[in-house]
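Here are some notes to go with your first look at this structure. Have the sequence and the 3D view open as you read.

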Amino acid sequence: MASPSSFSKAILSLACVVLLIGGASAQLSIYYYAETCPDLFETVKPIVQEAIAQEARMGASLLRLFFHDCFVNGCDGSNLLDDTSTFIGEKNAAPNQNSLRGFDVVDKIKSAVEEACPGIVSCADLLGIIARDAVEILGGPGWDVKLGRRDARTASQAAANNSIPPPTNNLDALTSSFQNHGLSQKDLVALYGAHTIGQARCTNFRARIYNESNIDSSFAQTMKSNCPSVSGVGDNNLDGLDFQSDTTFDNTYYVNLMRNRGLLHSDQQLFNGGSTDSLIRTYAQSQETFFNDFVASMINMGDIQPLTGSNGEIRKNCRRIN
C-alpha cells in the first residue's frame, strides 16, 4: 500500500500534468487571428472547396491529416514535415505510408495564407481549419476552431508508428489509445464517425471480410469483389468506409455498424456487444446528436498538447522548418 506522502506526490504530479495541458489549450482562442489575419477563413475555404470539387475523396483525406497530426505528439503540424538529415518524419510511418495524402492542397493553402498574412498563421492551425471546412463542405456540421498553435521543429516516425491506433485494434485497445491522448470513450465513438467519409485500402480490411463472423454476408461478398483474398494482390484497391455514402458526412456509418457492415475490424468493434453499443444506437437514430458530439470531440482533440507562446515556430513552408 502506498504511503500518504507517495500518494500525495502522485496526486500533485497528476495535477501538474493537467495544469500543463490545460494551460496550453487555454491559450488557444477562436479569435486568435481576428486582427493579425482577418481574411484567414475566406482565404482557406475556397481552396478546400476547389480540391473537393476536383476529387470528393480529398475531403476525408484532409480531415485525416488533422487526426494523424494530433495523435502524434499533439496538434503541431509535424506530419507535414518532409524527412531531413536530422530526423525521419511521419509521412512514411506505417499508418501513413501510401495512405496519408492532401499535402499539395495544404501547400496551396499555406502559400495563399502567406501572401495574405506573411509569417502569421501556423501550419498546425491550418490543419484544424481545413478539417472543419472539409466536414462542412461534405454536409457535416461547422464549428469555431480554436487557434493559436505553433508548429513543431521536428517529427518522429517512431512516435507515429506507436501513437496512431491501427485498424486491427479491439475496443479495449482503442479506448486505451484515446485515453492516452486525454480523450474519452465518447470521444472515440464520435470521432470514429469521421469514417462516414473516405476510403480504405484492401490490405486494411481483407482479414475482416474473409475471416470474421460478425459481418453481414452480402456486404462481405460485395467487398470481396474488389479485394482479392491473396495478400499482395489488389492491396491498394479502395472501398468506402461508409459504402453507402462515402462522400457525404452523415450518420449512416453508425447505421452500417448496427447491420454488421463496418469495413474495418476496429469499426465493427464499436458495435459488438460492448460498452459503446448504446452510443452507436444513439448516433444511428439521431444525426443531430452525432453532429453535436462530433464537434465537441473535434475541439477536444484539437486541444491535445498544442505548442503555444514561444514554443515551436510559424513555418513559412509546411514541409520544412524555417
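1. Let's start with one pair. Lys 186 and Asp 293 meet through their side chains in a salt bridge, at 3.8 Å from N to O. (A salt bridge here is a side-chain nitrogen of Lys or Arg within 4 Å of a carboxyl oxygen of Asp or Glu.) The pair links distant parts of the chain, since Lys 186 belongs to helix H8 (residues 185–192) and Asp 293 to helix H14 (residues 287–302), 107 residues apart. Helices are DSSP runs of H or I with at least four residues, strands are runs of E with at least two, and both are numbered from the N terminus.

2. Before going on, a word on what you are looking at. This is a predicted model, where local features need pLDDT of at least 70 and side-chain atom pairs count only at pLDDT 80 or more, while totals for chains, interfaces and linings use all residues. Residues are numbered from 1 along each chain as its sequence is written, and side-chain values use heavy atoms, with hydrogens and water left out.

3. The cut-offs: buried is under 20% relative accessible area, exposed is over 50%, and partly exposed is in between (1.4 Å probe, protein chains only).

4. Some salt bridges share partners: Asp 82, Lys 91, Asp 104, Asp 107 and Arg 319 are joined that way into one network. Within it, Lys 91 bridges to Asp 82, with the closest N and O atoms 2.5 Å apart. Lys 91 is buried, with a relative accessible area of 14%, and Asp 82 is partly exposed at 29%.

5. Have a look at Glu 55 and Arg 101 too, whose side chains form a salt bridge at 2.8 Å, N to O. This pair also links distant parts of the chain: Glu 55 is in the loop between helix H2 (40–54) and helix H3 (58–70), and Arg 101 is in the loop between H3 and helix H4 (103–116), 46 residues apart. Glu 55 is partly exposed at 28%, and so is Arg 101 at 21%. The count for the model comes to 16 salt bridges.

6. Back in helix H14, find Phe 290. Phe 290 is buried, with 0% relative accessibility. Which residues does Phe 290 contact, leaving aside its neighbours within four places in sequence? They are Ala 190, Gly 193, Phe 249, Asp 250, Asn 251, Tyr 254 and Tyr 283, where contact means heavy atoms within 4.5 Å. For a sense of scale, the C-alpha atoms of Phe 290 and Ala 112 are separated by 33 Å, and the two residues are 178 apart along the chain.

7. Now zoom out. The protein has 14 helices and two strands, and its C-alpha atoms fill a box of roughly 60 × 55 × 45 Å along the principal axes. Its radius of gyration is 20 Å, which agrees with the value near 20 Å for a compact globule of 322 residues. (That radius is taken over C-alpha atoms, and the globule rule is 2.2 Å times the number of residues to the power 0.38.)

8. Last, the packing. Buried residues make up 50% of the 322 residues. Of the contacts between residues at least 6 apart in sequence, 75% join residues at least 24 apart.
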